[in-house]
Amino acid sequence: MKRILLLIILGFFTVHTLKAQIKTVNYNVVNNEINSNNPLPSEEPFFIRGILPKDIELVAVVLNRSGKDSQRGDEYSWKRAFDFEVSQYEVFVSNPLRSNEAYDLELFFYKRAEKEQMEAIKSSIDDNLESYIRANLEVTGGGIKTNNSNQVMITQMNQIVEDALEDYRHFLGRDFKGFSEIVRQKLEQKDRLKLKRARFNILGKNKEDNEKAAYADQYIGELIDIVQNESDQYLEESLLSLVDIRTVSNYPTERKPGTLPLNIGYGSIPIKRSLASTEYLHGPYAGLSIPLGNRTFTKFLGNASFSTGVFLQNFESSQGDQIEGQIIGLPIYAGLGYKIFRVFRFNVGAVSLNMDNGAGVSQHHIQPFAGISLEFNIWMGLNNRR
C-alpha cells in the first residue's frame with residue numbers, strides 16, 4: 001500500500017511540475033497560407049503569428065467550423081501597443097479547436113482612419129439620421145405623429161449607425177451602445193406636445209401658420225441635434241478602417257490519436273454478510289475507464305467515466321473465510337469514476353465476490369467499493385478519430 005501511495009504522490013508532482021509550451025502557427029499574408037499548409041492544432045490553445053503589414057494597427061481573426069453559422073464564430077484580435085514599432089502580430093486563440101474538423105478562418109486588417117474618412121463618416125451618419133427622423137415624423141393638427149413606435153425608431157437609428165460603421169472599429173475597442181435614455185425621453189415628449197398652443201392651424205394660409213411650422217420644426221431640430229451629438233461623441237476618437245480581408249476556407253485541424261485511460265489504484269470493500277461484524281477489505285486494482293465526454297470541451301463529462309477492471313488479489317476475512325472472484329478467479333468491479341488533479345481518478349461502484357459460508361458452500365454477492373487510482377492514457381492506434 002505504501003508503494004502505491006508513493007507512486008500516486010510522485011505522479012501528482014511530476015504532472016504539476018511539467019510546463020506545456022503553447023504552439024505557434026505562422027500566417028503568410030502574401031500566399032494566404034497558414035501553418036505551412038499543415039493542419040491547425042486541435043484541443044489546445046495556440047498563437048497565430050504573422051508579419052505586420054505597413055500602417056496596420058489591428059488584426060482580427062474569426063474562426064468558425066465549416067458549414068456552421070458564421071455569426072457564431074469566435075473572434076480574437078491583436079492591437080498595436082501605443083506607438084511601439086513592431087514587425088509582427090500575434091493573436092492568441094484561447095478556445096481549442098476540435099480534432100479532425102474543418103474550419104473557416106477570416107483575417108481582418110485595420111489601419112487608422114484618415115481625417116478625411118472621419119469627416120466623411122460623421123457627415124454620412126448625421127445626414128442619414130436627419131433624413132430618417134424627418135421621414136418618420138408627421139405634423140398634424142393634433143400634434144406630431146410617427147410612422148413607428150418610439151422603441152422601433154431607436155432600434156432603427158441604432159442600426160443606421162451600426163451599418164455605417166460595418167467596415168470600421170473603434171480604436172479603444174468599444175461598440176456603439178445605442179442611443180441613450182435622453183433620446184427616448186425626447187421622443188416621448190412629442191406625445192405631450194400640443195400644437196394648438198402655438199395659436200395657429202396647419203393649413204398655412206396666414207402668419208400664424210408659419211409660427212406653427214416653426215414650433216414643430218423646433219422640436220424636430222432638437223431631436224436631430226440630440227441623436228447627432230450622441231453619434232458624434234462616439235466618433236470623436238479616431239476609428240480604425242478595414243483595409244483588407246483574407247479568407248482560408250475549410251481548413252483541417254490535427255487528428256488526435258484515440259486514447260484509453262488505464263487505472264492502477266487502491267480500493268476498499270466494506271463487507272458484512274455472514275461475518276460477525278463489518279470488515280473492510282483493502283487491495284490494489286487495475287482497470288480501464290471510458291470517458292463520458294471530451295474534457296477539452298465538456299469539463300464535467302470529460303472528467304467523468306464508466307470504469308471497469310479487476311482487483312489484483314483475492315481476500316480472506318479475519319475468520320479465515322475465503323473471498324474471491326467468480327468468473328476469472330479475481331474480483332471484478334464496475335462503476336463510475338471522476339478524474340481529479342488531472343492524474344487521479346476516484347472510483348465508486350460494485351464488485352462481484354464469492355464468499356465461503358463456512359460450510360464449504362460458496363455464495364455470490366455484489367458489494368460496494370470505493371477507491372482512488374493513478375491514470376495513464378494508452379494510445380489506441382485502431383481509431384484515431386475523435
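Helix α2 spans residues 115-136, 22 residues in total. From first C-alpha to last it reaches 32 Å, close to the 32 Å expected at 1.5 Å a residue (1.5 Å times one less than the number of residues). This is a predicted model: local features need pLDDT of at least 70, side-chain atom pairs count only at pLDDT 80 or more, and totals for chains, interfaces and linings use all residues. Residues are numbered from 1 along each chain as its sequence is written, and side-chain values use heavy atoms, with hydrogens and water left out.

**Helix α2**
- Buried residues in α2 include Met-118, Ile-121, Ile-125 and Asp-126 (buried: under 20% relative accessible area; exposed: over 50%; partly exposed: in between; 1.4 Å probe, protein chains only).
- Leu-129, Tyr-132, Ile-133 and Asn-136 are also buried.
- Seen down the axis of α2, the buried residues fall within an arc of 130°, so they line one face of the helix.
- Glu-116 and Ala-135 are exposed on the other side of α2.

**Strand β11 and Val-243**
- Val-243 sits in strand β11.
- Its relative accessibility is 41%, so Val-243 counts as partly exposed.
- Val-243 and Phe-109 are 134 residues apart along the chain, yet their C-alpha atoms are separated by 5.9 Å.
- Beyond neighbours within four places in sequence, Val-243 is in contact with Ile-56, Phe-109, Tyr-110 and Lys-111 (heavy atoms within 4.5 Å).

**Lining by class**
- The lining of the second largest pocket has 15 nonpolar, 8 polar and 12 charged residues (nonpolar: Ala, Val, Leu, Ile, Met, Phe, Trp, Tyr, Cys and Pro; charged: Asp, Glu, Lys and Arg; polar: the others, Gly among them).

Definitions and conventions. Helix = DSSP H or I, 4+ residues; strand = E, 2+ residues; numbered from the N terminus. Arc of directions from axis to C-beta.
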